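Colleague: Could you take me through this model, one site at a time? I will ask as we go.

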Amino acid sequence: MGSSRSGRATIIIASLVAVGILTWAVFSAFAGSANTPQSTFLPASIQTVRVNSLYMLVFILAGIVFFGIMALTLIFSLMYRERPGQVARQFHGNSKLEVVWTLIPVLIVVVMAIPTFSTIHDTAQEPPKDALQVIAIGHQWWFEFQYPELGITTANELHVPVDRAVYITLESKDVIHSFWVPQLSGKIDMMPGHRNHLWFTPTVARPEPYLAQCAEFCGMSHANMRFRVFVDPANDFATWSKGAASDRVAPTSDIAKAGEAQFTAAGCIGCHTVQGNPVAVGKIGPNLTHFASRTTMASAMMDNSPENIRRWLSNPQAVKPGALMPNLHLSPDAIDKLVPYLGGLK
Ligand code: HEC
Ligand SMILES: [Cu+2]
């Protein structure tokens, strides 16, 4: 008798502790927004705001059910616990109760279903006619972005104007990748030989980028396959896109000329395009025409700085495991010419 009573006490204490830990885990997931730049709880597009409010509704309803049932379980196990000399009353069925506990879940499901269907309906619409067209191509392990209407090809940093729909066509050059900007869009696979689509309308312009990354394991440097989305005010986007569509500034200084010659001599032109340089038309690696205007390099895994360019050129695989740019065993003199050249590709 005594042992079964202490057993029950243990169960009650254990359930209280479990409820406490769960509550803490769930609420800590919402906290610390500054430290969670890839949190889906900080939506910044029309679509992610919709999805997030739907999520919150389901989450709150589930929370009410969860805590209600836990509380009732605790209360009943205390109130109706075994007592000496008492025998529980035996009976079969209670229609009123059965109707109530069937209707309540039905009601909850209906309350969740109506906004779910309407959100699915709205987010599955065709994008508006004036949407900005972007083709995003996954490569092991970097992202290529093309703006067919604007004549732009760039890599790893996507610029989009605020308050205008962006229609993204997703492709892959090799294996399956996945395109995901947690604050701006859902997550959709980039498949070889098949085009997927996704669109979103960013609503919050800001100088800091939205962090994003490949969300489908795609090989050795999957974790280093990141990208950034800059949501610009309309004017800034116009300025950016004009620059991004232009050719490189033809080298005039001796340093720039030597750098461009080295870029050809070292074979970089076989894999990299520099618009305006007639021999640099390679398509294997990122387009470098305006490389220096990007804030990061090697798929946003590090800052774009002279030191990092130097490290990269000395041994790409040492910086990014498995990187598909070969180690060209460049001489220190060649690297000395290439670093300022790349830094000048504004
Ligand atoms: C065989 C093809 C190939 C050759 C040759 C090659 N690269 Fe690359 N390069 C790549 C690939 C692929 C990447 C993307 C690597 C990644 O991020 O995973 C890359 C990335 C880069 C980047 C970073 C670009 C960015 O936006 O992140 C720079 C800079 C670069 N290469 C410069 C050079 C220079 C300079 C040379 C010549 C010395 C050269 N590459 C030769 C394939 C090549
Ligand atoms: Cu990946």
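**Metal sites, pocket and loops**

Modeller: The iron atom of ligand 1 has His272 (NE2) and Met325 (SD) as its protein donors, at 2.0 to 2.2 Å. Donors are N, O and S atoms within 2.8 Å of the metal (3.2 Å for Na, K and Ca), and water is not among the atoms, so sites may look incomplete. This is a predicted model, in which local features need pLDDT of at least 70 and side-chain atom pairs count only at pLDDT 80 or more, while totals for chains, interfaces and linings use all residues. Residues are numbered from 1 along each chain as its sequence is written, chains are lettered from A and ligands numbered from 1 in the order in which they are written, and side-chain values use heavy atoms, with hydrogens and water left out.

Colleague: Why is the arrangement around the iron atom of ligand 1 called octahedral?

Modeller: Because its six donor atoms subtend angles of 88 to 179°. Six donors count as octahedral if opposite donors are over 155 degrees apart and all others between 65 and 115; four count as square planar under those limits, or as tetrahedral if all angles lie between 85 and 135 degrees, and anything else is irregular.

Colleague: Is histidine 272 buried or exposed?

Modeller: Histidine 272 is buried, at a relative accessible area of 10%. Methionine 325 is buried too, at 19%. Buried means under 20% relative accessible area, exposed over 50%, partly exposed in between (1.4 Å probe, protein chains only).

Colleague: What is the volume of the largest pocket?

Modeller: About 610 Å³. Its lining has 32 residues, and the closest to the centre are His272, Gly285, Pro286, Trp312 and Met325. On a 1 Å grid over the protein atoms alone, a pocket is an open set of points where a 1.4 Å probe fits, with protein on both sides within 12 Å along at least five of seven lines; in a cavity the probe cannot get out, and lining residues have an atom within 4 Å of a point. Grid points are joined across faces, edges and corners, and the volume is the space filled by probe spheres set on the points.

Colleague: Which helix gives the most to the lining of the largest pocket?

Modeller: H6 does, with three residues. Helix H6 (306-314) and S11 each supply at least two.

Colleague: And where does the largest pocket lie?

Modeller: Between domain 2 (132-245) and domain 3 (254-343), because both give residues to its lining.

Colleague: Backbone next. Which residues does the cis peptide bond join?

Modeller: Glutamine 140 and tryptophan 141, with omega about 0°. Tryptophan 141 is in the loop between strand S1 (132-139) and strand S2 (142-147).

Colleague: What is phi of asparagine 156?

Modeller: Near 65°, a positive value in a residue other than glycine. Asparagine 156 is in the loop between strand S3 (152-155) and strand S4 (157-161), and counts as buried at 5% relative accessibility. Histidine 329 also has a positive phi, near 45°. Histidine 329 is in the loop between H7 and H8 and is exposed, with a relative accessible area of 67%.

Colleague: Last one: where is alanine 131?

Modeller: In the loop between helix H3 (95-123) and S1. Alanine 131 is buried at 2% relative accessibility. Its C-alpha is 5.9 Å from that of tyrosine 167, 36 residues apart in sequence.

Technical notes: Helix = DSSP H or I, 4+ residues; strand = E, 2+ residues; numbered from the N terminus. Domains from an automatic or database assignment.
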